[in-house]
Amino acid sequence: EMSAEERAFQEKIDAGIKIEAKDWMPEGYRRTLIRQISQHAHSEIVGQLPEGNWVTRAPSLKRKAILLAKIQDEAGHGLYLYSAAETLGVTRDQVYADLLSGKVKYSSIFNYPTTNWADIGTIGWLVDGAAIMNQIPLCRCSYGPYSRAMVRVCKEESFHQRQGYDLVMAMAKGTPEQKAMAQDALNRWWWPALMMFGPSDGESVHSAQSMQWKIKILSNDELRQKFVDQTVPQAEYLGLTIPDPELKWNEDTGHYDFGAIDWEEFRQVVAGNGPCNRDRLRTRVKAWDDGKWFRDALLAHAEKKSERQVA
Ligand code: ACO
């Protein structure tokens, strides 16, 4: 049964009052937020890697500048999110160490390779599109620092989605070869993008509690359906085919019906066995190790400065 404190806490949430860092909160609420926000932060950071792969090969100065700006935005999102996690009493170093040791997850989607240039547009269109779908409701979540971070993140994600759609449009309306590249990218990214929303509601272990606490506003399946409904007309406009023979408009429900997701693939990727999991973690570990001299130098410099001030 709920304690008096827990009851008062739940009433605050039900009344739409934000919880702030120094307010009392149940340990489970704190742990759930640390888990979700740190996984989210790690996703932003690891998410730079599939796109970084194409910076040196972007086909024009304009596309390269857009891609660089987008990747830098992702780093910024990671930083806001690590800061939001720190308001809950963990340090960024602890949280980051859990990524590097493989203890804490990041989004499944970033374990797939970017094999042709159209992948970059498709990631913006589908992956950032799915991210916005999930994050717009999070702007209204009950934890103040997380909800406020989401406002800015969503503005930037919406630019990412648009630049992606613009890129895919250029290719879909380009030469037959370019259009084929865009179709190939859609074929490979469609199903993994649907998996971003997480297991179906019946399998989602955290959903019920997280929805009660308004850490989650919409369920995994609700968000996935909204994403499908939004994206099908966009694919039609591009003249591309979504790789799902069962995809069909349903007059009765007012939604698109779609085929079954391969949950075994999802489980494998989340368990560390996706096409790029090992490579992604290795790259992050190497970046951390390679940066050691710089972190050491910053600390030594700060110490020297504070000694000088004391003297
Ligand atoms: N990739 C990896 N792991 C996932 C994914 C996914 N796509 N979806 C769910 N999981 C994990 C959950 O983290 C949870 O594992 P855990 O208990 O070890 O933490 C487990 O699968 C069960 O899933 P749920 O009970 O549904 O988990 P939850 O309530 O946390 O919902 C969701 C998952 C929707 C991803 C939620 O955490 C969320 O909204 N997170 C914030 C958004 C985010 O992280 N986006 C990252 C991708 S977008 C981007 O970064 C650009």
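F110 counts as buried, at 14% relative accessibility; buried here means under 20% relative accessible area, exposed means over 50%, and partly exposed is what falls in between (1.4 Å probe, protein chains only). This is a predicted model, in which local features need pLDDT of at least 70 and side-chain atom pairs count only at pLDDT 80 or more, while totals for chains, interfaces and linings use all residues. Residues are numbered from 1 along each chain as its sequence is written, and side-chain values use heavy atoms, with hydrogens and water left out.

**Around the ligand**

- There are 27 residues around the ligand, and Q39, K105, S204, H206 and K216 come nearest; a residue makes the list if one of its heavy atoms lies within 4 Å of the molecule.
- By type, that shell splits into twelve nonpolar, eleven polar and four charged residues. For the sorting, Ala, Val, Leu, Ile, Met, Phe, Trp, Tyr, Cys and Pro count as nonpolar, Asp, Glu, Lys and Arg as charged, and the others, Gly among them, as polar.
- The side chain of R35 has an N or O atom 2.9 Å from a ligand oxygen, and the side chain of N134 likewise puts an N or O atom 2.9 Å from an oxygen of the ligand.
- For S204, the distance from a side-chain N or O atom to a ligand oxygen is 2.7 Å.
- On its own the ligand would expose 950 Å², and the protein buries 89% of that; these areas come from the Shrake-Rupley method with a 1.4 Å probe, and for residues only the protein chains shown count as cover.
- The space the ligand takes up is the largest pocket. A pocket is worked out on a 1 Å grid over the protein atoms alone, as an open set of points with protein on both sides within 12 Å along at least five of seven lines. A molecule sits in one if more than half of its atoms lie within 2 Å of its grid points.
- Which elements give two or more residues to the shell around the ligand? They are α2 (27-46), α6 (118-138) and α11 (263-273). Helices (H or I, at least four residues) and strands (E, at least two) are DSSP runs, numbered from the N terminus.
- Helix α2 gives the largest share of that shell, with six residues.

**Inside the helices**

- I37 sits in helix α2 and is buried, at 0% relative accessible area.
- H160 belongs to helix α7 (residues 144-172), and with 0% relative accessible area it is buried.
- The side chains of H160 and E74 are joined by a polar contact of 3.3 Å. Such a contact is a pair of N or O atoms within 3.5 Å; within protein, one atom must be able to donate a hydrogen and the other to accept it, and residues adjacent in sequence count only if both atoms are side-chain atoms.
- V153 is also found in helix α7, and V153 is buried at 0% relative accessible area. From V153 to S107 is 46 residues in sequence and 16 Å in space, C-alpha to C-alpha.

**Out in the loops**

- F110 is placed in the loop between α5 and α6. It lies 95 residues along the chain from A15, and 37 Å separates their C-alpha atoms.
- N116 is in the loop between α5 (92-100) and α6. Is N116 buried or exposed? It is buried, with a relative accessible area of 9%.
- The N116 side chain reaches the backbone oxygen of M181 at 3.4 Å, and a polar contact of 3.2 Å links the side chains of N116 and D184.
- K214 falls in the loop between α9 (207-212) and α10 (220-238), and counts as partly exposed at 29% relative accessibility.
- The phi angle of K214 is near 55°, a positive value in a residue other than glycine. Most residues other than glycine have a negative phi.
- P243 sits in the loop between α10 and β1 (248-250), where its 25% relative accessibility makes it partly exposed. P243 and N187 are 56 residues apart in sequence, with 5.5 Å between their C-alpha atoms.

Key:
1 Å grid on protein atoms, 1.4 Å probe; cavity = no way out; pocket = protein on both sides within 12 Å on 5 of 7 lines; lining within 4 Å.
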